[in-house]
Amino acid sequence: MLIALIGQTAGSTTAPGTAPDAAAAGEARPRTEPAPPPPPPPPPPAAGPAWSGHAFDACRAPSQRVMDRWRLSSPFTGIGIYLGGIHRACEQRHLSRQWVRNQTRAGWRLLPIWVGPQASCTGYDHRIVGKPGRNRRYDAARARGVREARSAAATARSLRLPRGEVIFYDIEPFDTRRARCRGSSLAFLEEWTNELHRRGYRSGVYSHVNSGISLLSRTGRGYTRPDAVWYAWIDRVGSMPARYVADPAFMRTSRVHQYALDTRVEFGGIRMHIDWNFVSLGATRRASMPASCDQAAARARPLALRRGAQGSLVRVLQCLVLPGDRHPTKTSGRYDAATVRAVRQHQQLRGLRTTGAVDRRTWTSLLAHGRTPVLRKGARGEPVRRLQRSLNVALGAPKVRVDGAYGPATARVVKHYRKRLKLGDKGVVTPRVWKALNSGKVLPARARR
């Protein structure tokens, strides 16, 4: 995350079965009146709507322009936002009550994050007090957990984040083999949870899977666990790292999995450095890497489509033909009136029969649409993939692998296509070849190779 030290190795241990480092039974007490037992923890507030999907987090909340562009062109339906805390690294000049209102109205799901003091055995400037204190209850750590939760809840209220929202505490990797570090961290996080519940919010904890998450999974019935966990595990999306987690059940449907860190990506013409996350809060869905429009189109087997059709092939069509640089996950998958209008407009522009239905000629044109550079052997990249997938449709059957590499097989297919259309006999893609593909020029059945 924002202050992640992912290279730091956190040792694993068996954490206490109840509250951290509880005093042994029969321990002598002072001769004064015994302290009254602590009040029972408040129950968690009602959960918000269940959702699953992909989310990103960045150091700063993006501008409204970026959020609007990424809403259509990226696979993300959620965003992690850093509310505050002593270790929040970036100023949030865009994050405001109006910004929150705009995103929620647009359909974004928000994952609030608080970055306060870190474990006592780390090197951060601000740390949780590690002293066990009286009866080894880590009272100083607990008091700090309460204060952080109050500050986080107050900030959430000021931004008009609704009650029942999960607020995640970011606790970075630490050495779980050290008893005081382990005990004070658990005490802090327990009071973070209890106080958030008192304030009407649900509790979440972000940590590395072999550090804070491993520790929380080993707590017993006497410990108040968070309502959700956000675990850093830079692996394939959706995996459950069972070798670190003693009780996978508590993180199966209330989890966020951070599976990629600090990647520079572009959607809708705007680049950002982000972390990638898969979210499953109160709902389960099979996790998979989201395919871009280019990737989905490369895998598709284009068949004739008309109004009323549904499914993944319609999603591919929509991300190719609808305005706004759509991502497949942001399309409906229903061949509706808006899709018919977009197909008709494309057909008119390309000189195709204006039917509103998609045949082989329309598919060829759609799959070829984009930049038209001269291509020859050795070329690589997205234009080559567009060339390969459109040629496969124009010829009526897959003749070349869609891999983005212009090799001998691609050159042979180009040469064949050019000869049939009387465009010369070279294995080079010129503007005339792109024009033919964009116009939906296909080979008749007798001319297919």
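The model is predicted, and local features are reported at pLDDT of at least 70, side-chain atom pairs only at pLDDT 80 or more, and totals for chains, interfaces and linings over all residues. Residues are numbered from 1 along each chain as its sequence is written, and side-chain values use heavy atoms, with hydrogens and water left out.

The C-alpha trace of the chain spans about 105 × 40 × 35 Å along its principal axes, and the chain has 12 helices and 8 strands (DSSP runs of H or I with at least four residues and of E with at least two, numbered from the N terminus). Of the 449 residues, 51% are buried (under 20% relative accessible area with a 1.4 Å probe, protein chains only; exposed is over 50%, and partly exposed lies in between).

In strand β1 (residues 51-57), 6 of the 7 residues are buried. Strand β1 pairs with strand β8 (residues 270-281) in the antiparallel sense over 7 bridges, where pairing requires at least two DSSP bridges between the strands, and H54 has F278 of β8 as its bridge partner. Strand β1 also runs parallel to strand β2 (residues 76-84), to which 4 bridges join it, with A55 standing opposite G78 of β2.

On the surface, R361, R432, K435 and K441 gather in a patch of positive charge (residues with over 30% relative accessible area and no salt bridge, like charges being joined within 9 Å; a salt bridge places a side-chain nitrogen of Lys or Arg within 4 Å of a carboxyl oxygen of Asp or Glu). Of these residues, R432 lies in helix α12 (residues 431-438), and R432 counts as exposed because its relative accessibility is 54%.

Methods. Patch = residues over 30% accessible without salt bridge, like charges linked within 9 Å, V, L, I, M, F, W, Y side chains within 5 Å. Areas by Shrake-Rupley, 256 points an atom, 1.4 Å probe, with all protein chains shown as cover. Lys, Arg positive; Asp, Glu negative; His and termini not counted. Charge placed at Lys NZ, Arg CZ, Asp CG, Glu CD.
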